[in-house]
Amino acid sequence: MTEELEGILSQLTQPDNAVIQQATAQLKQAFKDPAIIPALCAVMSGSQNPEIRQSAAVMLRLRVKKHWNKISPNDRESLKAVVLQAFAVETEHKVQHSLSQLCAVMVKHETPDRWPALLQLLNQSTKSTNPHDRQVGLLLLNKVIESNPEPFKPHYCQLLQLFSTVLQDYDNPTALYYCILTLTAITAYTGTEEMKEMRAIIPSLIVALKHLITADQGQASEAMEVLIELMEIEVSIIVPHIADIVRFCLEVGSDTALSDPLRVKALYCITFLIKLKSNSVLKLKLLGPILQRIFPILTAAPPAGQQDPEDEEDDCGDPTDSDNPKHGAAQMIDTMALHMPPEKLFHHLFPLTQACLTSENPYQKKGGLMCLAVLAEGCADYIRSKMLSSVLQTVCQNLSDSNRVVRSAALFALGQFSEYLQPEVSKYCAELMPLLLGYLSSLSEAKIGHVTKAFYALENFMENLGSDIEPYLSTLMETMLSALNNTGNLKIKELAVSAIGAIANAAKELLVPYFPPVIESLNGFLTATTEEMRPLQNQSLDTLAVLARTMGKDVFGPLAAECIQLGLKLTDAIDDPDLRRCTYGLYSAVSTVSPESLTPHLTAITTVMQLALKSNEGITAHLEEDKTFVLLDDDDEDNGIGEGRKTEEDFLEDEPETDIHDFAGFSVENAYIDEKEDACDAMGEIALSTGAAFQPFLESSFQQVFEMRDFPHEDVRRAALGALGQFCRAQHKVWTENRTEANHQALLKLLDVVVPCFVETVRADRERLVVMGVLETMSSVILSCKEEVFRNPSHLKEISHLIRDVLKKKTTCQGSGNDEADDEDEQAEYDAMLQEFAGEVIPLVTSSVPADKFAPYLNDLLPLIMSKAKSSCTVAERSFSVGTIGEILHALVNVSGGRGVAARLSNRLLTVLVAGVKDNDAEVRNNSVFGLGCLAQAAGPLIISDYPMMLSVFSNMLGKESDLRVIDNLCAALCRMIMSNVDAVPLEQVVPALVSHLPLKEDQEENQTVFNCLTMIYKHSPVLVVKLLKPIVAASSHVLGHKDVDTETQSTVVALMKELVQKHGAEFQAAAVSLPAELQAKLGAAINSS
């Protein structure tokens, strides 16, 4: 059989398809013969042709992998011997490679200790005096350990001793390469006993990497992964060597003679280190040296006659996205902004940035602008409060620079500012909108990359303008509609369609007059069938979804059913993850305005989304060798057992088709990741919008989404966990509408799965954004489901302890377990933001459980919140601290036992809140005033002794305060004091002062408090109200029909006015007559309504 098999294998290497097909059929037949294993062994050892030897080794590997249990014990033993013999005499690298992979698969079935000959061969070859033998031995070691790191654990200490020797074998770069790859493979499995050896190896590892760089940059780039693995798995190993690692990576990253991928990898190592150990980088004083080295990379001019990728004519992407050293440098600064205290970062960074921005060299200017742009996300508070107008001025000046490279960078910076520096940046609308509109009118279509950046800046800026967009609306819409109807360029059309979505987000109902022409234009794109129209079609679906959310039910409702049918028709006809993703967004948006239009199609919609979550499509495994032969082993031959039936043993031994260890790595196409993320988001929202109609699909959807909770990609995890929260809220809604025991039990069952899952994720997930997302979702679940979340008694304790641990920075993503003490007073803005998300949960828990039950936990949490009110803390922290205290007190007003708990806390909290009303920052003052009012309301008569002091504080403030929102809250706080203890307030003095500041100017929500109080004062002391009728009636006329005042408050105002008209008609008329005609009419209409 051996000769026959060799003949078949040699035919498979022929360039003739017919010959290959014939050989494949013969091979399938041969595989049914039990003698196939010895025959393959003979070919693998004896063929003169290396390609055939390699093919035999690959086939054996596939055979062993799938059918080890069917191979007789004798054959197994002879196979083990043959493979090692073949390996020992093989001279061709690619065959050695396949043989080592065959060994790796066999080790999976036969633990190393049951194959002593393998251990002996490894021991001899890796310690051989012959450099080639060492190299081959390390190849074999690498393959068997990479696919089975754990069974080798008992040998780790011995292996590390071997590595420390091999790493000094500088003349044998291939040995260095395999040694480092093997070290990378075992890192995740090492324990404390290997720690010392691992630490000791690092200096030689750095030297070995330097030698490998001179020998083979591609291998060196791959080997540098070891540094990232060490940081990720066991950062404490590299802590003593951080300065050396940074110096080494800076040398490689700065060396323009080296390849881009290698330089990018070196820069990424530093970026990753900053993400994990920013404090160590600061303490070792490495921030300055790092910036000094990476600024020349960021500002480097491209080679003569070339451009940076993002400045090329047709580039449409984010300039910080692609892989080159310049982007690696920008990404590093971005990471610094997200993980370092802004004060410390700006101290080193700003002089360098200023020098770039004042330079005449366009690439220096560009570098400075890129730097400002990537700081916007992580240092948003710092920039907003300390330097917004100066950096915007810089960007505006550069928008009209003579060099297009500079203008492009300025547009990118403006887009970043518009995205992250809201709402303050919108206040510069009058300066910025004309500049941006000018850009759109004068752009030549040829410079498509430049147009893309102009649209990016415009969209991000417009999206947050709200009604301030009105003066520009007609110009904007004319420009966009004209681009849709008159340009031949599909990219420009796509940008215009996207911009219409951004305009709709700001303009909302102001866009209604433009709705018909927009829909008419989109219709032409939505039903396209050609590939080149796909991006425009997808963008049109996205914009249609925005219009569904912004135009309201009356305008969009009539199109709802048609939209759902369109989406289903498209996904039936076209297999494209991006297109499917856009239809999910459309279904989700339509469900918010017309849930009934989804009901008939929920089976189809949930099926396609669940399939997207199940699918492994888009996950590409990088095979280490040609996969030609896998097809040959596809059919599971029955080996004589029945007619193709499998025995139970076969089923037990069947492994998943793709074995991760066969692959050198994975890459996942972004489109499939995005599809999974959007499927989770959409399923959660659709479940909530459609309520009872979604019930038949809730369990299967929940199971699929629950599987995604630990998906490797953080955006999918975040979306899945968000959807789990939406499912809980959906079930709560179903139960409140139909209070059956079954519905209630289903809700409690969901909460019992989801709450522990949230707690575990917040504690263990490494990504801050995932953790913030989960805390936000937890808040929304508690807000909706209230006491039901705490029916399970363990949930109160779990959630309270979790919040405490986030506030103490004891979770994984806050670097718990790192051996660096945190600098308490200074942290990155994102770290502070994470704690704010945790703090927001406290008032929601307070309002969901009896106060005495929560009080012991609240006592633990309050000191952590109060510690952030110190004057040394940032404005954001002080505002958060007093704001959270105010919300907790506000929650105590309506829970059983709340009054007693508020009174017990009053002494501790008064000190913090009274200090807060004197703060320099208006938001801190505002939150402190709100908190004092809520304290009076919550504690009631129990804090009557503090009233004189509080009234004196408020009276002083009213005389001096200039911020309109703070004045509104002062009025509301006085009202809360009056309603809580009317006899403890000198009404004759306080009420006239209060009324003189009406109507409220900024905080319309507090009208409810103010008019509830005025109604109560009228009952208590009508004469006083009649005396102040003129200002009260004037204030009421402003509230009636106000778009930001809820109907309940409007009803309170109308009821008070009606009573005043009835009992004090003449005085009321006299007060009303002084109002402008329009307000008089509004008042009259309200009073005469039924």
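In which loop is Pro-999 found? In this predicted model, Pro-999 belongs to the loop between helix 47 and helix 48 (1007-1020). The bond that joins Leu-998 to Pro-999 is a cis peptide bond, with omega about 0 degrees. A cis peptide bond also runs from Gln-422 to Pro-423, where omega is near -5 degrees. Pro-423 has its place in the loop between helix 22 (404-420) and helix 23 (429-442).

The secondary structure of the chain consists of 53 helices and two strands. The radius of gyration is 35 Å, close to the 31 Å given by the globule rule for 1090 residues, so the chain is as compact as a globular protein of that length. The C-alpha trace spans about 120 × 65 × 60 Å along its principal axes. Of the 1090 residues in the chain, 56% are buried. When contacts between residues at least 6 apart in sequence are considered, 75% join residues at least 24 apart.

In soluble globular proteins, nonpolar side chains tend to be buried together. The largest nonpolar core of the model has 386 residues, and those with the most contacts inside it are Leu-205, Leu-227 and Phe-556. Helix 26 (residues 490-507) provides the largest share of this core, 11 residues. With residues up to four places away in sequence left out, Phe-556 touches Phe-515, Leu-544, Leu-547, Ala-548, Met-551, Cys-563, Val-590 and Val-593.

Cys-563, one of the residues that Phe-556 touches, is buried, with a relative accessible area of 5%. Its closest cysteine sulfur is that of Cys-582, and the separation of 13 Å is too far for a bond. Cys-934 counts as buried because its relative accessibility is 0%, under the 20% limit. The cysteine sulfur closest to that of Cys-934 belongs to Cys-975, at 12 Å, which is too far for a bond. The structure as a whole holds zero disulfides.

Not counting residues up to four places away in sequence, Leu-994 touches Cys-971 and Cys-975. Leu-994 is buried, with a relative accessible area of 0%. The C-alpha atoms of Leu-994 and Ile-967 are 9.7 Å apart in space, and the two residues are 27 residues apart in sequence.

Helix 31 (residues 602-614) has 13 residues, which at 1.5 Å a residue should span 18 Å; the end C-alpha atoms are 18 Å apart, in agreement. The buried residues of helix 31 are Leu-602, Ile-605, Thr-606, Val-608, Met-609, Gln-610, Ala-612 and Leu-613. An α-helix has 3.6 residues a turn, so residues three or four places apart point the same way. The cover over the buried residues of helix 31 includes helix 29 (560-573), helix 30 (577-593), helix 33 (670-690) and helix 34 (695-707).

In helix 50 (residues 1029-1039), the buried residues are Leu-1029, Ile-1032, Val-1033, Ala-1035, Ser-1036, Ser-1037 and Val-1039. These residues are covered by elements including helix 47, helix 48, helix 49 (1022-1027), helix 51 (1047-1063), helix 52 (1065-1073) and helix 53 (1077-1088). Gly-1041 follows helix 50 and has a positive phi, near 75 degrees.

Most residues other than glycine have a negative phi, and most peptide bonds are trans. Lys-285 has a positive phi, near 55 degrees, and is not a glycine. This lysine, Lys-285, lies in the loop between helix 15 (260-283) and helix 16 (287-298). Lys-285 is exposed, its relative accessible area being 68%. Phi is likewise positive in Lys-786, at about 40 degrees, although Lys-786 is not a glycine. The loop that holds Lys-786 runs between helix 37 (768-785) and helix 38 (793-807). Lys-786 is partly exposed, with a relative accessible area of 31%.

Definitions and conventions: Residues numbered from 1 in each chain as written. Predicted model: local features only at pLDDT ≥ 70, side-chain atom pairs only at ≥ 80, totals over all residues. Heavy atoms only, no water. Helix = DSSP H or I, 4+ residues; strand = E, 2+ residues; numbered from the N terminus. Expected span 1.5 Å × (residues − 1). Buried < 20%, exposed > 50% of the residue type's maximum accessible area, 1.4 Å probe, protein only. Contact = heavy atoms within 4.5 Å. Core = buried A, V, L, I, M, F, W, Y, C linked by side-chain atoms within 4.5 Å. Rg over C-alpha atoms; globule rule 2.2 N^0.38 Å. Disulfide = S-S within 2.5 Å.
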